[in-house]
Every structure is written in C-alpha cells, then in structure tokens.
Amino acid sequence: MKYFNRMFKLTAAARRRYLMLMMLLFGAAYFWQPGFGQDRTPPAHASAEGAHFVPFPMFAENTTFAPLEVAMLFVVLLIAVAGLIYAALLASQVLKADQGTAKMREIASAVREGSNAYLGAQFRKIGPLILLLTLLLLLTYSGTVDAFRWGRAASFFVGALFSWTVGFVGMRLATTGNLRVAAAATRSYGEAMQLGYRTGTVTGMLTDGLGLLGGTVIFIIFGEQAYEALLGFGFGGTLLALFMRVGGGIYTKAADVGADLVGKIEQDIPEDDPRNAATIADNVGDNVGDCAGMSADIFESYEVTMVAAMILGMASFGHIGVIFPLLVRGIGVLGSIVSTYSVKAGKEDTSDTALHSVHRGFWIGSAISVTGFIVLGFLYLRFPGVLKEAPAEFWAMDPTAPAFWANFGVPGLDMRPAIACFIGVLLAIVLNKVTSYYTHTGHAPVRSLARACQTGHATNIIQGFAVGYESTVVTILVIAVTILLTVLVFAGTPPLFVAYGVAMVGIGMLTLTGNTISMDVFGPVADNANGIGEMGYEPEEMERREAGSYKRARQILADLDAVGNTTKAETKGIAIGSAVIAAVSLFSSFIAVIAVGSEDKIDQMTILQYVTEAGRLTIADPVVFIGFLIGGAVPFLFSSMLIRAVGRAAFDIVNECRVQFRDPQIWDGTKKPDYGRVVDICTNTAQKELIGPGVLAMMAPVCVGFLLGPYALGGFLAGMILVGQLIAVFMSNAGGAWDNAKKMIEDGIYGGKGSEAHKAAVTGDTVGDPLKDTAGPAVNPLIKVMNMVSLLTLGLVLRYNLIDPSVGEHSARLVGLAVALLCAFSIAWAVWQSKRETPAMAQDRAMP
Amino acid sequence: MQIHLYMLCNRCEALVASHLEPEAFGRYMAVGTQKNTRGNVLFFEIDRAALRGGFFRLDDIEQRCVPHPDGSPKRSKYISIYRVLEHIDLGAFGPLYLVTADGRVLALQADGYTAKEEPGVNLYDELCPVSPMVVSALAPSKFATFLTDPANPISVPRIFFADMLLDRDETGRLAGYLPYADPMHIIDCVKELEQGSGKPSKTVSRSPRVHGFFRTIRRGFFIGDQTGIRHYPFPERRELEVNHAKWWRSATESLS
C-alpha cells in the first residue's frame with residue numbers, strides 16, 4: 001500500500017474516492033454479469049397452475065382419503081384431547097395437595113409472582129412482534145394459493161400461542177407444584193416424588209396434547225398440503241421457543257451467578273439463604289429457564305419434525321407419507337399417558353429406586369410406542385404402485401418390492417418408515433446414555449474433573465474442555481450412525497426417501513415427549529422444593545411435633561433434588577439430538593423447495609429434480625462455501641452475545657445485592673430483603689437482552705439468502721447445523737460435567753465442601769453455568785429458527801437475490817441487495833447492543 | 001448498658017469490652033459493620049468477677065467503654081492484645097462462641113472433662129497462643145499438661161486447642177470428606193507416631209489453613225494448663241442439624 005501511494009502520490013481522501021469508485025465499478029459489473037462462470041440455470045420449476053386448495057379435503061366428494069384413514073385421524077384428534085384431559089386431571093391432583101405452612105406458602109408465592117411477572121413482561125414484549133410477523137407472513141407469502149397464505153399466517157400465530165401456553169402453564173404448575181412437593185416431603189418420600197413427577201407430567205402432556213392437536217386440526221383443514229400451514233405453526237412455536245430459551249437462559253443464569261457471587265463468594269453465606277436478595281430470583285430462574293424454556297423448545301422440535309416429515313412424506317411416499325407421522329404421534333401420546341402414570345414411588349423409596357421408577361416409565365412408554373407403530377405400520381404402510389415415478393438410475397432396487405425384512409413378503413407393504421421411527425426411539429435412548437456418561441457422577445469423565453480439582457482451578461477448566469470436546473464427538477458420531485442406519489434401511493431408494501426416513505427418526509425420537517418433559521420439569525420443581533424447605537421449614541416446630549421429622553424431610557428433598565438433576569441432564573441430550581435431526585430433515589425440505597421453486601408445488605416434484613438440486617449444493621462452489629463459513633460462525637456469535645448478556649445482567653444483580661447487604665437488619669435476618677427489585681432487574685434485563693440474539697437468528701439467513709442466493713443459503717444452513725450441534729453439545733456437557741464434579745466434591749471427596757478442591761470445582765461450575773443453561777440450550781431453537789426462516793423466505797430468495805435471481809432482472813438484484821443490507825445493519829446493531837455497558841457498569845468504569 | 005468482656009482467641013489474642021450481647025458481638029466480629037471482614041471467629045465470654053490479679057486495666061472500663069453519642073452501643077473496646085490467655089484464670093472462662101464467616105453464632109458450654117481418653121493418635125489444631133496443627137499420641141488432658149509443662153524446653157503457660165477429625169478410609173488414607181490441605185502429609189505424620197518414633201507429638205503444619213473448620217471438629221475444644229483442663233464439647237451432628245440448623249448450614253456450606 002505504501003508503494004502504491006508513493007507511486008500514484010495519492011492523498012488519503014483521494015485514496016478513499018478511488019476505492020469507492022472501484023467498489024461501484026465492481027458492483028455494477030457484478031450486477032451485469034454475476035456468477036463465476038458457472039451454470040446457474042434456475043431449477044426446472046413445476047408449473048404454477050398446479051397448486052390449488054380444497055378445504056377439509058377428506059370430506060370432499062372425490063377425496064383420496066379412505067374412510068378408515070378419516071376415522072384414524074379423528075382417533076388421533078381424540079387422543080390429543082385425551083392427553084390434554086389427562087394433563088388437566090393431574091393438574092387438579094397437584095393443586096389439591098397440601099400446601100404446607102404459611103411461611104412456606106409465602107416463599108412459594110414470591111417465586112410464583114416473580115415467574116408470572118417475567119412471562120407477563122415477555123408476553124408484552126414479544127406479543128407485538130408476533131402480530132407483526134403474522135402480518136409479514138401474510139404479505140410475503142410467495143405461493144399462489146390464498147388459503148395457504150392465510151392458513152400459514154394464522155397457524156404461525158396459533159403455534160406461537162401454543163408454545164407460549166406450554167411454557168406459561170408449565171412454569172405456573174411448576175411454581176405451584178414445588179410448594180406441594182416441599183409439604184409432601186414432611187410426610188413421605190413416595191408422595192413427594194409422585195407429586196413432583198406429576199407436576200412435570202402436566203407440562204409434558206400439555207406439550208404432547210397441544211402439539212398433536214394443532215398438527216391434526218391443521219391436517220384436517222388442509223389435507224395433504226397441511227405442511228403449508230404447518231410451516232407457519234412450526235415457525236411460531238420455534239420463534240417463541242427461541243425467545244423463551246434465550247430470555248429464560250439469561251434470567252436463570254444472571255440470577256444464579258449474581259446470587260452465588262454475592263452470597264457464596266463475597267458474603268460466605270449458603271445457597272438459598274433468605275438474607276440474599278437474589279435468592280427468590282434464583283428460584284424463579286430455575287422455572288423460567290428449565291420449565292418454560294425447555295417445554296417450549298421440545299414443543300417446537302415436536303412440531304418441526306412433523307413439518308419436515310410431512311413435506312418429505314408428500315414428496316416421497318405421497319399421501320400415506322403425510323398421514324403416518326400424525327398416527328405415530330398419536331401412539332406416542334397414548335404411550336406417554338400410560339407410562340407417566342406408571343411412575344410411582346413408595347413411602348420408603350430412596351433416590352435410587354425413584355430414579356429406577358422414572359426410567360422404567362420411559363421403558364414402558366418406549367415399548368408401547370414401538371409395538372404401536374410397528375403394528376400400525378404393518379396395517380397402514382401399503383403402497384401398491386403409489387411410489388413416485390423416478391428414472392431407473394436412482395433406484396437400486398424395484399421400488400414396489402423392498403427387501404423381505406422391510407415387508408415380510410407382503411406385497412405392497414413397506415415397513416421402512418416404521419423402522420425409522422424405531423431407530424428414533426433407539427437414538428433417544430442412546431443419547432440419554434451418552435449424556436449421562438459424560439455428565440453423571442458415576443462415570444469416568446466427571447470423576448476425572450473432580451480429580452483435576454485437586455490441582456487447582458485451571459486444571460479443572462482444562463479437563464472440562466477436554467471432556468466437553470470429547471462428548472460432542474461421541475454425540476455427533478451417534479447421530480451420524482443413526483443417519484447411516486436410516487440410509488441402510490432405505491438402501492436402494494433415492495435420497496428423498498432417505499430424507500423422509502431421517503424425518504421419521506425425529507418423529508420416533510420425540511414419541512415420548514410427555515415422558516421427556518416430565519423428567520425435565522421434575523428437575524426445577526425438586527430444586528425449588530428444596531429451596532422452599534431450606535427457607536420455609538421450621539425445624540424446631542417440626543421436631544417438636546415429631547422427633548427426626550425435620551432431618552428426614554430435608555433428606556427427602558435433597559434426594560429428590562439429586563434425582564431431578566439427573567433426569568434433567570438426561571433430557572438435554574434428547575433436546576439437542578432432536579434439534580439436529582429436525583434440522584437435517586428441514587434441510588432436505590429446503591432442497592425440495594429449491595427444486596420446485598416454492599413449497600406449494602412439493603407434490604409435483606420429481607426425484608430427478610431433488611437429486612439434481614441436492615447435487616448443486618457443493619462446497620466446491622465458492623458461494624456455497626462462503627455460506628458454509630458464515631453459517632458455521634453464527635452459533636459462536638450467538639453464544640457470545642448470550643454469555644455477555646449473562647455477565648451484564650449479573651453485574652447489575654451483584655450491585656443490587658451488595659446494596660441490600662449493607663442494611664444491618666437484613667444481615668441480622670430481622671428484615672426481609674427486597675427480593676422484588678432483583679426479580680425486576682432480571683426480568684427487565686432478560687427482555688432487553690433477547691432482542692439482539694433474536695435479530696441475529698432471524699436476519700442472518702435472510703441476509704445470506706438475499707445477498708448470495710439460495711445455494712449459499714443451503715451452505716449456510718449446513719455450516720450452522722454442524723457447528724451449532726458441536727458447540728451446543730460441548731457447552732451442555734462440559735457445563736453439566738463441571739456442575740456434577742462440584743456436587744461430587746460436596747458429597748465428600750477430595751476434602752468436601754470448603755476445601756481447595758471445592759473452590760476449584762465452584763470455579764468450573766461458574767464457568768459452565770452460562771454455557772450449559774444459557775447458550776447451549778438456546779442453540780437448539782437457533783438451529784431450527786434459522787432453518788424455518790430459510791424455508792419460509794426461500795420462495796422470495798429464489799426470486800430476489802444479488803447473485804442469481806430466478807426472475808433474472810436487475811431490479812430483483814437491487815431488491816436482494818437492499819434486503820441484505822437492511823439485515824446486515826440489523827445484525828450489526830444487535831452485535832453493538834450486545835457489547836454496550838449497563839449504566840451501572842459505565843458508572844463503575846468512570847470511577848477513579 | 002451492661003459491659004461484657006470477651007476474649008478473642010483466633011485471628012488475634014485480645015480481651016475486648018463491649019456493650020453487645022454475645023450473639024451480636026460475634027456477628028460484628030465476623031462481618032463488621034461495613035461487611036469488609038470475613039472469616040470464622042472464636043471467642044469466650046469472660047466472667048469479670050472471676051478475674052483475679054491486676055494484669056488487665058479494668059478499673060476505669062466504665063469510663064472507657066461508653067456508648068456512641070447517638071446512643072448506640074460501643075461494639076468493641078480493646079483492653080489488652082498480648083499474652084491475654086495466660087492471664088485469665090481458668091475459672092473465669094464462660095461459654096465459648098463459634099461464629100461462622102457470615103455471622104451465625106453457636107454457644108458451647110464447658111463441662112467437666114470426663115471423657116475416657118482412648119489410646120491412639122489425635123489431630124489437634126492449636127488456636128491460642130500459638131497456632132500449629134499437630135498430631136499427637138497424647139490424649140487432650142495429657143497434651144495440655146505436656147505443652148504447658150515449664151520443664152519442657154518448649155512450652156506455653158496455657159493452651160487453647162481444637163480436637164480435629166482424623167477419620168481414615170479402609171485403605172488407611174484420610175477420609176475423602178476431610179478438607180485438610182495436605183492429607184498425605186498428615187497420614188505420614190500419623191504413621192510416624194504409630195510406628196513409635198518416640199515423640200509424643202509431631203507438627204503437621206506451622207500455619208494451617210483449615211477450610212470448613214467447624215465440620216472438622218471431633219470432640220470439641222479444650223483449654224488447659226498445669227492446673228486443669230476445660231472441655232467445650234462439640235454437639236453431635238444430629239443435634240446440629242436439628243437444633244442449630246442455620247448455624248450448621250452456614251458452617252458447612254460456606255466456602256471459607
């Protein structure tokens with residue numbers, strides 16, 4: 001540059017003008033002759049006039065639905081309603097239970113009010129955005145059928161509403177159940193355990209029931225093209241889940257880290273000490289993070305896998321391929337009802353036997369589901385000559401005569417979708433085991449962390465990184481093997497069928513959503529109950545009534561907390577795995593949409609089109625590779641924003657707690673701290689902080705799509721799925737391992753509580769906290785939101801983008817550039833926002 | 001306002017006058033008014049009437065220890081800060097107060113020391129006036145007598161010490177839940193005494209830092225000299241969990 005300036009004797013201003021001119025020239029040239037000399041012929045789209053809509057097609061005159069199919073769909077609808085009724089019955093059981101002493105009720109009420117305030121504030125913040133997006137979906141629909149335009153927008157709204165309902169009711173029940181569990185622990189282990197698990201089951205069955213109800217009603221209205229509306233339904237659920245995960249994650253860890261920093265580290269007081277102003281916020285955080293966030297997250301996975309299965313089912317197995325996932329889900333809900341009810345604990349049970357009972361419930365549910373969908377598959381999956389026409393070179397076998405193991409010699413039968421569901425159930429079990437291996441105290445990885453604590457803080461951190469990295473490799477290998485198994489099951493068929501198989505793996509994996517969420521929500525309920533016991537039990541009074549009762553009740557709560565920690569950790573593996581499987585399925589749907597130009601023509605897609613378009617998504621194409629690189633970077637940026645947000649919120653909480661601790665009466669325990677102020681700080685900060693990551697999640701794929709075109713967007717998704725999965729598993733498992741290493745030491749090894757090893761373990765746990773409870777879980781919905789946004793905007797991206805607009809006009813390029821710039825500015829703003837200091841931080845920095 | 005006399009016996013050795021009741025005094029000593037101090041505190045309440053001799057200047061204590069102008073009590077007025085322990089008669093030592101890092105206070109009353117002194121190696125944390133941690137083959141009363149015997153080349157007039165847990169696992173190593181800084185070294189010292197090195201005691205550490213101090217206490221605290229020994233028995237764990245739940249939780253959960 002120096003020589004360049006000397007040679008041309010350029011001033012700085014002249015240099016800027018020259019660079020500007022060159023930019024404009026290159027830009028103009030690019031508009032005129034885009035691409036890199038490659039063949040970018042737009043895909044051979046099907047004709048526009050093909051798509052049309054008949055409402056309630058199963059009741060139309062010349063319907064393709066057999067009477068038995070209609071009956072089965074109504075049975076599924078009834079099952080969904082039965083799931084909801086079961087949830088309502090359990091909820092009434094929980095509500096009727098004893099609520100303990102006035103002091104306990106007062107504490108539980110503070111937690112409940114804080115949780116309600118948080119979700120209320122979030123609803124007020126997100127509500128207008130949801131309405132705006134509903135309108136946007138209505139206006140930007142790129143298909144030709146108006147019914148789908150309205151159906152998609154309305155479904156989006158309902159999906160968001162359902163997702164919020166699942167989160168809100170789940171959290172509400174959890175904040176009600178925790179008190180009852182604490183009260184029941186004064187009587188017996190079995191009663192407390194059962195109440196806690198049933199509190200979780202209410203949320204689980206609500207997720208199951210609402211998910212199935214939404215999907216089935218949409219299917220009944222839209223028929224085989226239900227995926228049109230389900231895309232909106234899934235997106236609504238996904239977006240809300242992202243906000244709940246992000247907001248809940250920031251809230252829970254800001255409160256936790258803030259409470260720990262001031263309470264444990266600065267003031268040396270125990271956890272849940274009522275003198276700590278952040279104690280209630282910490283308990284509220286457990287609910288908004290683990291109940292509301294996780295429920296909404298699983299709800300959206302539930303929907304998204306259905307969307308992907310329906311799109312790909314339509315494009316591969318046709319009519320039956322669309323209905324089968326719904327029927328499988330119906331069986332899953334039945335399995336969940338039976339199996340969750342079977343989870344019971346006796347009066348004298350311990351944490352080991354209780355955990356055994358929870359696991360037995362999961363096995364019973366799995367057995368019912370697998371038996372159910374194998375029988376269903378045998379009866380229903382008959383394809384006499386209905387498989388799509390395809391050039392012979394794509395079939396390595398006769399499509400109407402699969403191998404014996406796939407049809408047991410029955411002509412027309414094809415059990416492969418049912419087998420894929422079975423693989424999904426296996427995947428859920430294996431991922432449970434892998435997560436358990438890397439995060440449970442009984443296995444080598446966590447033990448190695450605890451051992452590393454003996455030599456200091458740094459060695460614990462180093463070992464945690466090693467364990468986390470290893471776990472992510474194992475998890476991705478498990479998922480890879482699962483997909484390979486699906487490929488083998490569908491060997492000889494075109495890739496589209498394999499993609500459908502992968503989607504069915506996702507359907508199978510989430511068959512037992514009811515059980516999964518029951519296990520997850522049980523964690524924060526037990527955790528909160530323990531907190532209520534700590535703050536609300538009156539030891540002297542309890543001992544006066546019955547000697548030994550206080551100690552026994554505390555032991556019960558501690559045991560339940562331990563069981564809850566284990567079950568909660570196990571479900572995290574399923575949440576991440578389901579996100580990846582859903583994303584892979586959506587990715588296939590994405591290719592299918594590129595192949596035909598818009599999703600309303602999926603039913604007209606040929607296998608040749610799919611294979612051709614899939615072949616064009618190669619990183620040998622520099623544009624695709626650029627998309628791949630950007631996609632891979634986004635989960636890091638997203639995580640960085642969230643982790644920073646936790647730090648910022650924790651800073652404010654620490655300051656507030658310090659101020660309150662200066663009050664001698666609070667310190668003496670004669671005055672109650674102002675818990676509400678910390679709850680308010682957490683609520684407001686979490687709302688503010690979720691805007692930036694939300695903008696990034698929605699705008700990044702739009703920016704890449706409109707700037708670099710659909711293939712780069714495909715690359716973007718691929719990179720994002722891969723890196724998102726790796727980083728999410730790393731963060732969740734490393735954080736879980738650090739947490740449990742600390743618990744191991746606290747249970748009495750390497751010196752126990754207060755020892756040097758314990759301090760190192762506390763450091764590891766603090767580092768892992770925002771990873772495992774904020775950034776890690778939020779990457780799941782991020783992956784799916786980006787996929788859904790890509791799918792929904794793909795029609796527009798194909799038409800308007802800078803590189804390769806299908807309409808081929810300069811105005812289309814300009815529109816693409818304008819949208820991309822707008823998105824880029826939004827992302828830049830979001831990143832800038834994520835780095836700003838809070839007023840308290842700025843004031844702190846300004847001090848000498 | 002009534003003036004209490006307290007003797008601080010860790011961090012520093014001092015006789016302090018205060019208007020505060022023992023619990024408030026303990027909280028004040030542990031966390032201060034600005035919450036800038038931290039750490040466990042141990043102190044005795046001293047019976048002023050039982051103090052004999054004229055070592056401490058107490059006759060004008062009423063003039064020196066006066067409430068603040070706003071009427072609030074005087075929290076601490078230091079009377080003496082050096083060689084205090086030896087100048088207080090054994091009979092003047094009242095209850096021993098154990099204060100956790102966040103200011104929870106537990107009072108221990110002295111009893112006549114009648115425990116059967118079993119053979120074996122003990123771990124003692126000397127707290128005042130010197131503060132090494134030692135393993136000793138001597139039982140508490142013999143240990144106090146030995147350490148305060150002027151015939152020994154090294155002795156102190158009086159000793160205040162804690163009897164610490166020395167639990168071992170089936171392999172002979174120190175139990176995993178004990179938070180001592182160097183468990184292997186402690187076991188080596190114990191083995192040396194067990195193998196009959198001829199020494200009654202062996203120093204484990206000259207400046208021990210025992211994290212989770214209160215949960216390592218075994219039989220309790222002892223204060224003794226050539227004339228006798230006072231024992232402040234530490235409550236059973238069950239009693240701590242039930243009757244002193246807040247103190248015990250604070251003592252076992254805090255990081256320091």
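View 1. The burial classes go by the number of other C-beta atoms within 10 Å of a residue's own: 20 or more is buried, 12 or fewer is exposed, and anything in between is partly exposed, with C-beta atoms placed from the backbone. A note before going on: this is a predicted model, where local features need pLDDT of at least 70 and side-chain atom pairs count only at pLDDT 80 or more, while totals for chains, interfaces and linings use all residues. Residues are numbered from 1 along each chain as its sequence is written, and chains are lettered from A and ligands numbered from 1 in the order in which they are written. Back to the view: Arg836(A) sits in the loop between helix H26 (810-835) and helix H27 (839-846) of chain A. Helices here are DSSP runs of H or I with at least four residues, strands are runs of E with at least two, and both are numbered from the N terminus. Leu791(A) is 45 residues away from Arg836(A) along the chain, and their C-alpha atoms are separated by 33 Å.

**View 2. Leu135(A) in helix H4 of chain A**. Helix H4 of chain A covers residues 102-140, and Leu135(A) is part of that helix. Buried or exposed, then, is Leu135(A)? Leu135(A) is exposed, because 11 other C-beta atoms lie within 10 Å. Going from Leu135(A) to Val502(A) takes 367 residues along the chain, and 33 Å separates their C-alpha atoms.

**View 3. Helices H20 and H22 of chain A crossing**. Helix H20 (residues 622-661) and helix H22 (residues 675-689) of chain A have axes that come within 10 Å and cross at roughly 160°. An axis is a line fitted to C-alpha atoms, for helices over the stretch in contact, and angles between N-to-C directions run from 0 to 180 degrees. So H20(A) and H22(A) are roughly antiparallel to each other; the classes are roughly parallel under 35 degrees, roughly antiparallel over 145, roughly perpendicular from 65 to 115, and oblique for the rest. H20(A) makes a right-handed crossing as it passes H22(A) (right-handed if the near helix is turned clockwise from the far one by less than a right angle, left-handed if anticlockwise). On the H20(A) side, the contact uses Ala645(A), Ala649(A), Asp652(A), Ile653(A), Glu656(A) and Cys657(A). H22(A) brings in Arg677(A), Val678(A), Ile681(A), Cys682(A), Thr685(A), Ala686(A) and Glu689(A). Contact means C-beta atoms, placed from the backbone, within 7 Å. Sorted by class, the contact of H20(A) with H22(A) holds 8 nonpolar, 1 polar and 4 charged residues. Nonpolar covers Ala, Val, Leu, Ile, Met, Phe, Trp, Tyr, Cys and Pro; charged covers Asp, Glu, Lys and Arg; the others, Gly among them, are polar.

**View 4. Helices H6 and H8 of chain A crossing**. The axes of helix H6 (residues 189-222) and helix H8 (residues 279-315) of chain A come within 10 Å and cross at roughly 30°. That makes H6(A) roughly parallel to H8(A). The crossing of H6(A) past H8(A) is right-handed. Thr203(A), Thr207(A), Gly211(A) and Gly215(A) are what H6(A) contributes to the contact. From H8(A) come Cys291(A), Ser295(A), Ile298(A), Phe299(A), Tyr302(A), Glu303(A) and Met306(A). The tally for this contact of H6(A) with H8(A) is 5 nonpolar, 5 polar and 1 charged.

**View 5. Positive phi at Phe56(A)** **and Tyr750(A)**. Phe56(A) isn't a glycine, yet its phi is positive at about 45°. Its loop runs between helix H2 (12-32) and helix H3 (67-96) of chain A. Phe56(A) counts as exposed, with 11 C-beta neighbours inside 10 Å. Tyr750(A), also a residue other than glycine, has a positive phi near 50°, and is found in the loop between helix H24 (710-746) and helix H25 (756-799) of chain A. Tyr750(A) counts as buried, with 23 C-beta neighbours inside 10 Å.

**View 6. A cis peptide bond in chain B**. The bond from Cys128(B) to Pro129(B) is cis, with omega near 0°. Pro129(B) belongs to the loop between strand S7 (122-128) and strand S8 (133-136) of chain B.

**View 7. Where chain B touches chain A**. Here 25 residues of chain B are in contact with 26 residues of chain A. On the chain B side, helix H5 (237-243) and helix H6 (245-253) are the elements giving two or more residues. H6(B) gives the most, with 5 residues.

Notes:
Two residues are in contact if their C-beta atoms, placed from the backbone, lie within 7 Å.
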